[in-house]
Amino acid sequence: EAGQYVLVDKDVKLIRDHFGLSHLRYQDMSPVLIPQGYTKSYLDGEINHQDQMADIRRAYLKIVKATKLRGGNHNNHFITICEGTGHVGVGSVVGSGNARIAAELGADVVLVANGGLGSTFDELELNRALCLQYGVNIAGVVINKVQPDKYDQTREYLTKAIDQMWKGPNGEPAPPILGVVPDRPYLGCPALADVESTFGTVLLSGSDHRYRHYDVGSNVQGRSIGMSMITTDLAAFLRTMQRQDGDARTIFICHVTRDDVILGFLAEYRRKTRRGIPFQSALVICTGCDDGGGNKSDIELSPEVCDMIRDAGPAGPPVLRAPGYSPADAAKHIRTMTPKFNANDERRVTKATEHYEPFIDFDLLIDRTTYASDIAA
């Protein structure tokens, strides 16, 4: 930005790029980052709390001002969104919990919880208690990732629970449920870009397919499909791939010592391509090694095999390394990862927008929020 590198939260770049918010500065959209070591520095007194809060207030006011200037006389532009990470207490250890920041800025809060009934309300109640402690207004509640077959039940009974338990002392109505959003597993499926990020590596081939998504199992409604560790011989592996139709997407995982599997994967890609059959599977090659005594090392992919993979090019089958990981560890990390939205992953961002918009009452949300007022910086 302005010829200089600026460190920002990933979601900030996504929102700024996707919605074309070029009138906002990155450093104002992400005024405080908490990298490793920040908490210790804060508790040791090396980071001044008042300076930290001043940075947040200053950034907020600059965004409000820039938004108003861009909107002109159109009130629909007068919206500033402050994203809180996790529950409302996150950040408290450095004096910047979400509820406290909302109070400092005079911002209303929308509580978001994943679908359910008892546990969902309990989670909401804990967050509400901290909002009350700081005098923060709760504009409403959004229930996310609700099982489709329990959608009506969830809306009905959570509405009853909130209405009964959250009424004000003088009979003031409880905050409304602004939306109940059914789960859509696709949005929780990682793209290969997420896998690259998890292992700190890049695709050796198939980079054109970086934003192809895979249903990898337990992080998607308890299922275990879309990912497979190769422990069989080459013939059995080839039979598995040859039985797949053109729509099949599987992340295969093997160890770097399985040159036969790696070459078999490349050969099957070429065979199906010659026959005009789509090939959408990917291969993760794990290079970690444990000698059994707890000593770990890394085995390099042979230069000859690496060259054959790279020769497949950006349009070829996706293949990447997982340095330092065993196949079991790699499978666990892929299955339990939290996929992140990426501004370049236009399909997922568009699908998310299309999915959420009909289920959230944005008009009611805007009616329930207060107008941004000046804050002493």
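This is a predicted model: local features need pLDDT of at least 70, side-chain atom pairs count only at pLDDT 80 or more; totals for chains, interfaces and linings use all residues.
User: Fine. How do H10 and H11 cross, and what do their axes come within?
Analyst: The axes of H10 (residues 259-274) and H11 (residues 303-311) come within 11 Å, crossing at roughly 20 degrees. Angles under 35 degrees count as roughly parallel, so H10 is roughly parallel to H11.

User: Left-handed or right-handed?
Analyst: The crossing of H10 and H11 is left-handed.

User: Which residues meet there?
Analyst: From H10 you have Asp 259, Ile 262, Leu 263, Leu 266 and Arg 270, and they meet Val 305, Met 308 and Ile 309 of H11. That contact of H10 with H11 divides into six nonpolar residues, two charged and no polar.

User: Switching topic: what's the phi of Lys 145?
Analyst: Lys 145 has a positive phi, about 55 degrees, although it isn't a glycine. Most residues other than glycine have a negative phi.

User: Where is Lys 145 found?
Analyst: In strand S2, which covers residues 138-146. Lys 145 is partly exposed, at 46% relative accessible area.

User: And Asn 144, buried or exposed?
Analyst: Asn 144 is also placed in strand S2. Its relative accessible area is 12%, and under 20% counts as buried, so Asn 144 is buried.

User: What is Asn 144 in contact with, leaving aside neighbours within four places in sequence?
Analyst: Asn 144 is in contact with Val 112, Ala 113, Asn 114, Gly 115, Val 181 and Tyr 356.

Note on methods
Residues are numbered from 1 along each chain as its sequence is written. Side-chain values use heavy atoms; hydrogens and water are left out. Axes are lines fitted to C-alpha atoms, for helices over the stretch in contact, and angles run from 0 to 180 degrees between N-to-C directions. Helices (H or I, at least four residues) and strands (E, at least two) are DSSP runs, numbered from the N terminus. Angles under 35 degrees count as roughly parallel, over 145 as roughly antiparallel, 65 to 115 as roughly perpendicular and the rest as oblique. A crossing is left-handed if the near helix is turned anticlockwise from the far one by less than a right angle, and right-handed if clockwise. Contact means heavy atoms within 4.5 Å. Ala, Val, Leu, Ile, Met, Phe, Trp, Tyr, Cys and Pro count as nonpolar, Asp, Glu, Lys and Arg as charged, and the others, Gly among them, as polar. Buried means under 20% relative accessible area, exposed over 50%, partly exposed in between (1.4 Å probe, protein chains only).
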